[in-house]
Amino acid sequence: MLDWPFDNSFATLPDRFFSRLAPTPVSNPEPIAINRALAGELGLDADGLSSDDGVRILAGNTVPKGADPLAQVYAGHQFGGWVPQLGDGRAILLGEIKDIKGIRRDLQLKGAGRTPYSRGGDGRAWIGPVIREYLVSEAMHALGIPTTRALAAVTTGESVYRDLPLPGAVLTRVASSHIRVGTFQFFAARQDLKALQALTDYVIARHYPDTEDAQALLDAVIRAQARLVAQWMGVGFIHGVMNTDNTHVAGETIDYGPCAFMDGFHPDTVYSSIDRSGRYAYARQPEIMVWNMAQFATALLPLFDDGLEAAVERATESVRRFPDLYRAAWMDVFRAKMGLRSNEDGDVGLIEGLLKIMGERNADFTNTFRGLSDASARAQFPDPSGFDEWEERWLARRKRDPHSPEKQRELLRTANPAVIPRNHQIENVIRAALADDFAPMFRLSDVLAAPFDLSAENAGFSRPPEPGEEVRQTFCGT
Ligand code: AMP
Ligand code: MG
C-alpha cells in the first residue's frame, strides 16, 4: 500500500460542511496519464502512482491510509440564478498533503461516483472532459496562471452514458483547496453564522494568513480575482461557466467545463453551448467577476463587525475597487505583451488599438501577439494597412521605453505564448483516445508544458484551425 502523507484539515470542520463517503470502485482501472512533474512537487513517487496499487487509489478503488474521503457541500449562482444547494456531485476529496514547499494541497478524485449532492447525475465523467481538463489546466499552469492542477487521469473500464456509451475516466485534481464563493453562500443563505465564521477563519488561516477579518478577506479575494481575470484576458481564455460555485476563493482557475482559448479574436466570443445569452463572453468576464464578488460580499456581510448599513457601505466600497484593480492588472499583463516596461498614459489606447484591428479581422489572438516578437504579426492581417499604422505608433513607443530592444524582444517572447491548447487539437486528441490511441495526448501535453518555446518540429501546434476544423461550441464537463 502506498504511503501518502495525508494531513487533513477540511475534514475537521463541522459535519455540515460535507458528507463523508468513499469513492465508488470501478471495474477495471487503467492509467491514461500520470503527471510526473506535479507528483514531484507534491513529494509523491510517480512510479508508485503508476503501479497497480497507485492506479487503484487514483480510480477510487482503494482508499489510501490517512485519507478521509468526503464530498463538499456548496451553493451558487448559476448563470445568475440562485441554487441553494450544489456540492461535489461527482468528486471526492481524499484529503490534503503538504507539498515539498510546505503548501497544503487538496487531492480530489473527479468522476468518482455518486454522492448526496449528485442530484440526477451519475457521479461519473467520460474520458473527453477528463482529458480536456488534464490538458487545459496543466497548460494554464505552464502559462503562469493560477489554476487547479491535474495529477492523473485513469480509465475505469466502465461505460458512462451520455447520448451514447462512452469510456469512463477519473481525474485526480490537485488544488490549494476547493473552497468557492458558493461555499460561503451556502452557509450565508441558511443564516448559519457559526459555520460562516468557521469557514472564514479556515480560509484566512489556509489562504490569507496575513488577513484579519471578513472585510480584509473580501479585499484579498477581490485582488486575487482581479489579477486572475486579467491573466485570462491576456491569453484569450474564456472560462465559460463563471458561476459563483466555480469562483475559487484563493483565485485559482477552477472548473474546465465549457472553457476555451480563443483562436480568431473577437471580444464577444462565447463557446459554451449552454451560454445562449453570451453572459460569459470573453469581454464580459471582468464585469461578471464584479458581480460574483458582490455575491461574495453579500455572503460575508453578517460577519462585518458593525451595523448592517455601515457593513453594506464598506462591502460596496470594496467591490467598487475591483474595476481599478482589474484595470491595473490588465495593464501589467498587456504592457508586457507589448514588450514594454515603463508606463505611459497612451498605453491603454495603444493596446486597445491593436485589439480593435484584431477584432475587425478576427486575427488569431495567440499568433498575433506572438508575432510581435518575430515580426510575423503583420501576416495575420489580409489587408495590413491598419496594422502598419498601429505598428508605427508601437515602434515609436518602444523607442521611449528604457528596455533595450533585446530586452524588449525577450519580454515579448516570455509574455506571449507560442502555443495554447486549441480546441480543435483537443478534439483531435479526444477522438484518438476514443480509438485507444493516447500518443496524440502525450505529444500535445509535452508541447503545452513549454508554451513559450516552440521548436520548429512542433510548429504545427501553433496552427489555428482550418475552416472545417473550427470548434464553435464546448460542453459542460459532464
Ligand atoms: P459544474 O457544471 O461542473 O460546475 O457542476 C455543477 C453541479 O453539478 C455540481 O454540483 C456538480 O457536482 C454537479 N454535477 C455535474 N456533473 C455531474 C455528474 N455527472 N454527476 C453528478 N453531479 C454532477
Ligand atoms: Mg463546478
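Q: What makes a residue a contact of Asn 292, and which residues does Asn 292 touch, not counting residues up to four places away in sequence?
A: Asn 292 touches Val 181, Met 242, Asn 243, Thr 244 and Thr 247. Contact means heavy atoms within 4.5 Å.

Q: What kind of model is this, and how are residues numbered?
A: This is a predicted model, in which local features need pLDDT of at least 70 and side-chain atom pairs count only at pLDDT 80 or more, while totals for chains, interfaces and linings use all residues. Residues are numbered from 1 along each chain as its sequence is written, chains are lettered from A and ligands numbered from 1 in the order in which they are written, and side-chain values use heavy atoms, leaving out hydrogens and water.

Q: Is Asn 292 buried or exposed, and how do you know?
A: Its relative accessible area is 1%. Buried means under 20%, exposed over 50%, and partly exposed in between (1.4 Å probe, protein chains only). Asn 292 is therefore buried.

Q: Where is Asn 292 found, and what makes that element a helix?
A: Asn 292 is found in helix H8, residues 285–300. Helices are DSSP runs of H or I with at least four residues; strands are runs of E with at least two; both are numbered from the N terminus.

Q: What makes an atom a donor to the magnesium ion, and which residues coordinate it?
A: Asn 246 (OD1) and Asp 255 (OD) coordinate the magnesium ion (ligand 2) at 2.1 to 2.2 Å. Donors are N, O and S atoms within 2.8 Å of the metal (3.2 Å for Na, K and Ca). The distances of 2.1 to 2.2 Å therefore qualify. Water is not among the atoms, so the site may look incomplete.

Q: Are Asn 246 and Asp 255 buried or exposed, and how do you know?
A: Asn 246 has a relative accessible area of 8%, so Asn 246 is buried. Asp 255 has 19%, so Asp 255 is buried too.

Q: How do you know whether the length of H7 agrees with its residue count?
A: H7 covers residues 214–234, which is 21 residues. The expected span is 1.5 Å times one less than the number of residues. That gives 30 Å, and the end C-alpha atoms are 30 Å apart, so the two agree.

Q: Why is H7 called largely enclosed?
A: Because 18 of its 21 residues are buried.

Q: What makes H7 and H9 roughly parallel or roughly antiparallel?
A: H7 and H9 (residues 308–320) pack at an angle of about 15°, with their axes 9 Å apart. Axes are lines fitted to C-alpha atoms, for helices over the stretch in contact, and angles run from 0 to 180 degrees between N-to-C directions. Under 35 degrees counts as roughly parallel, over 145 as roughly antiparallel, 65 to 115 as roughly perpendicular, and the rest as oblique. H7 and H9 are therefore roughly parallel. The contact is made by Gln 215, Leu 218, Asp 219 and Ile 222 of H7 with Arg 314, Ala 315, Ser 318 and Val 319 of H9.

Q: Is the crossing of H7 and H9 right-handed or left-handed, and what does the word mean?
A: H7 passes H9 in a right-handed crossing. A crossing is left-handed if the near helix is turned anticlockwise from the far one by less than a right angle, and right-handed if clockwise.

Q: Is Ala 310 buried, exposed or partly exposed, and why?
A: Ala 310 sits in H9. Its relative accessibility is 34%, so Ala 310 counts as partly exposed.

Q: Is His 207 buried or exposed, and what does it touch?
A: His 207, in helix H6 (residues 193–207), has a relative accessible area of 16%, so it is buried. Not counting residues up to four places away in sequence, His 207 touches Ser 176, Ser 177, Val 249 and Ala 250. The C-alpha atoms of His 207 and Val 249 are separated by 8.3 Å, though they are 42 residues apart along the chain.

Q: What is the phi of Asp 436, and is Asp 436 buried or exposed?
A: Phi of Asp 436 is near 70°, a positive value in a residue other than glycine. Asp 436 lies in the loop between H15 (423–434) and H16 (439–448). Its relative accessible area is 64%, so Asp 436 is exposed.

Q: Why is Asn 362 called partly exposed?
A: Because its relative accessible area is 45%. Asn 362 has its place in the loop between H11 (347–361) and H12 (365–371). Its phi is positive, near 55°.
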